[in-house]
Amino acid sequence: MNLKALIKHIFNLLYGKFQVLRKSKYSFDVILGTIAVMGVLGGLVLIYDGRRPPRTAVPLTAPAASYFKSFIAGSGLVETESENIELSTLVGGVVDKIFVDVGAQVKAGTPLFSLDNRQAQDDIVTQKATVNKAKATLKQIEASLKDAKDKYDLAQNLKDRRAMSQDDYLARQNAYLIAQNASLAAQADLSIAEASLKRSQTNLDILTIKAPIDCEILQINIHPGEYAQVGPLTTPLMLVGNVKQTHVRINIDENDAWRFSPGASAIAYLRGNSAVRIELEYDHVEPYVLPKRSLTGDSSERVDIRVLQPIYRFKSNPPIAVYIGQQVDVFIEVPESLSYENVLKLQEAVL
């Protein structure tokens with residue numbers, strides 16, 4: 001049976017059923033009535049459901065709470081003692097090799113990754129040849145200088161000056177002076193060639209990016225064959241830091257900055273786990289109020305407020321794993337005299 005015949009068969013079947021239903025005395029009216037009642041009930045259900053208050057989302061974990069009577073609340077970001085160092089390159093190029101893995105502990109000066117250095121290697125070969133040529137030229141000129149000097153000395157040491165014509169004497173003198181200057185020029189050419197060789201070696205050296213300090217490899221965002229761009233990037237090529245001591249960089253809203261006292265006690269809670277309280281110890285404060293960075297971790301995203309950033313460190317090793325880049329909720333103790341209630345009372349008394 002083809003498609004046309006099948007459609008015709010289904011149509012005839014449905015039409016026959018409809019004719020049977022239509023010739024029935026009550027069934028057709030009952031069906032229409034049932035459909036109407038169901039529509040009315042559905043409308044009532046939708047109206048009732050729309051007037052109910054929206055359900056309040058229940059948090060998966062209890063929010064963090066401070067046990068200080070007066071406090072400043074802020075968000076913190078876990079970072080390394082050296083701050084997170086975003087590595088870049090002095091020159092752009094295609095990545096040739098990666099020498100380390102994520103999590104590796106390396107010493108200062110350890111090669112981390114290198115760029116394609118074939119051109120730099122060729123430059124060094126050329127510059128070495130130039131240096132060798134300049135050395136050979138200098139030796140040749142020094143030999144000529146010695147010859148000219150010997151002839152000039154012989155002319156000067158003659159007991160009887162009449163044994164040599166004046167023209168010959170002047171020629172030997174001038175030849176010696178010319179050889180001296182040629183020697184100086186050759187020495188300068190050799191110095192230029194050696195400087196060019198040193199510059200080529202420097203150009204080769206900067207193609208291998210090395211660890212700036214003793215650190216741990218936190219992140220690798222470059223792979224062999226990819227092009228490494230120059231300058232600050234949204235996603236750094238490689239992220240490193242000294243993890244011997246972990247710091248917490250806290251953002252305090254500028255409206256609360258005047259209430260912060262350097263050295264104040266503080267506690268932190270990891271996001272998603274308010275049951276574990278981590279005591280913090282004051283390290284220092286950066287005395288510059290800067291635009292707040294986004295909580296998403298994107299360093300280029302800003303909001304319309306400014307924050308003061310005190311730096312704290314963990315007083316002891318946290319009982320649970322804490323990772324670099326993790327966010328924490330921080331509460332910093334504030335003297336009772338600086339609580340909002342007391343400040344409002346003082347303002348009311350002044351007014």
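Biologist: Is Asn242 buried or exposed?
Modeller: The general idea is a scale of relative accessible area, computed with a 1.4 Å probe on protein chains only, where under 20% is buried, over 50% is exposed, and the range in between is partly exposed. Asn242 has a relative accessibility of 19% and therefore counts as buried.

Biologist: What kind of model are these values computed from, and how are residues numbered?
Modeller: This is a predicted model, in which local features need pLDDT of at least 70 and side-chain atom pairs count only at pLDDT 80 or more, while totals for chains, interfaces and linings use all residues. Residues are numbered from 1 along each chain as its sequence is written, and side-chain values use heavy atoms, with hydrogens and water left out.

Biologist: Where does Asn242 sit, and which residues is it in contact with?
Modeller: Helices (H or I, at least four residues) and strands (E, at least two) are DSSP runs, numbered from the N terminus. On that scheme Asn242 falls in the loop between β9 and β10. Contact means heavy atoms within 4.5 Å, and, leaving aside neighbours within four places in sequence, Asn242 is in contact with Thr80, Glu81 and Ser82, and also with Ile213, Asp214 and Cys215.

Biologist: How many residues are in the largest nonpolar core?
Modeller: In soluble globular proteins, nonpolar side chains tend to be buried together. A nonpolar core is a set of buried Ala, Val, Leu, Ile, Met, Phe, Trp, Tyr and Cys residues joined through side-chain atoms within 4.5 Å. The largest one here has 29 residues, and those with the most contacts inside it are Val100, Val106, Leu112, Phe113, Leu115, Ile217 and Met238. At least two residues of this core come from each of β5 (111–115), α3 (118–156), α4 (166–205), β7 (215–220) and β9 (238–241), and α3 gives the most, with six residues. Apart from this core lies another, of 21 residues, among them Val248, Ala264, Ala268 and Val328.

Biologist: What is Met238 in contact with?
Modeller: Setting aside neighbours within four places in sequence, Met238 is in contact with Ile85, Glu86, Leu87, Val100, Leu112, Phe113, Ile217, Gln219 and Ile220.

Biologist: How many aromatic pairs are found in the whole structure?
Modeller: Rings of Phe, Tyr and Trp (its six-membered ring) pair if their centres lie within 6.5 Å, with planes under 30 degrees apart counted as stacked, over 60 as edge-to-face and the rest as tilted. The search finds six such pairs. The rings of Phe71 and Phe331 have centres 5.4 Å apart and planes at 80 degrees, so this pair is edge-to-face. It links distant parts of the chain, with Phe71 in strand β1 (residues 71–80) and Phe331 in strand β14 (residues 327–333), 260 residues apart. Phe71 is partly exposed at 32% relative accessible area, whereas Phe331 is buried at 9%.

Biologist: Which class does the pair of Phe260 and Tyr282 fall in?
Modeller: Their ring centres are 6.4 Å apart and their planes are at 45 degrees, so the pair is tilted. Phe260 lies in the loop between β10 (246–253) and β11 (266–270), and Tyr282 lies in strand β12 (residues 273–293), 22 residues apart. Phe260 counts as buried at 9% relative accessibility, while Tyr282 is partly exposed at 22%.

Biologist: Which residues do ring pairs link into a cluster?
Modeller: Phe71, Tyr269 and Phe331 are linked in this way.
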